[in-house]
Amino acid sequence: MSLATSKPSTTPKDAGAVALRTAVNIMEKWNATSRQIENVLRISRSTYARSKDQQRSVSLDSDQLARISLVLNIHASLRTIFDNPDNVYGFPAMANDNAFFDGRSPLEIMAEGSFIQLYETFRRIDVLRGAQW
């Protein structure tokens, strides 16, 4: 007689909460303020607070999930480009003289809240890794 083992099921809300927590943790390591995090991820102050509690689930829309995905992908690109954690986590807050950034940091651009600027920031960081994937 075999016993069936049950795996804990993960709901989309749970997966979204894990992704949100991960993105928030990364952005906090970038030294982003709570307001910057809320703007980049397009989340409310209460959702930001709920992201800190591992027992709470959150409802996220497709735009918020896409923003979380871009933050995670920016982090992945930075980890590919840099070996040093100070650079991985410090680069987003560093002033950048690239024409797109015009002396501002990637974090400043992302925190304006525009999805296009978040995507363009990802694209310009991602291109730095060249053929390293």
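Mentor: Let's start with a definition: buried means under 20% relative accessible area, exposed means over 50%, and partly exposed is in between (1.4 Å probe, protein chains only). Keep in mind that this is a predicted model, where local features need pLDDT of at least 70, side-chain atom pairs count only at pLDDT 80 or more, and totals for chains, interfaces and linings use all residues. Residues are numbered from 1 along each chain as its sequence is written, and side-chain values use heavy atoms, with hydrogens and water left out.

Trainee: Why is R123 called partly exposed?

Mentor: R123 has a relative accessible area of 39%, and that sits between the 20% and 50% cut-offs, so partly exposed is the label.

Trainee: What makes E120 count as buried?

Mentor: E120 comes in at 17% relative accessibility, which is under 20%, so E120 is buried.

Trainee: How do you know that E120 and R123 meet in a salt bridge?

Mentor: A salt bridge needs a side-chain nitrogen of Lys or Arg within 4 Å of a carboxyl oxygen of Asp or Glu. For E120 and R123 the N to O distance is 3.0 Å, so the pair qualifies. E120 also pairs with R124, at 3.3 Å.

Trainee: And what makes R67 and D63 a salt bridge?

Mentor: Their N to O distance is 2.8 Å, within 4 Å, so they pass too. They are four residues apart in helix α4 (residues 62–81), about one helical turn; helices here are DSSP runs (H or I, at least four residues), numbered from the N terminus.

Definitions and conventions
Helix = DSSP H or I, 4+ residues; strand = E, 2+ residues; numbered from the N terminus.
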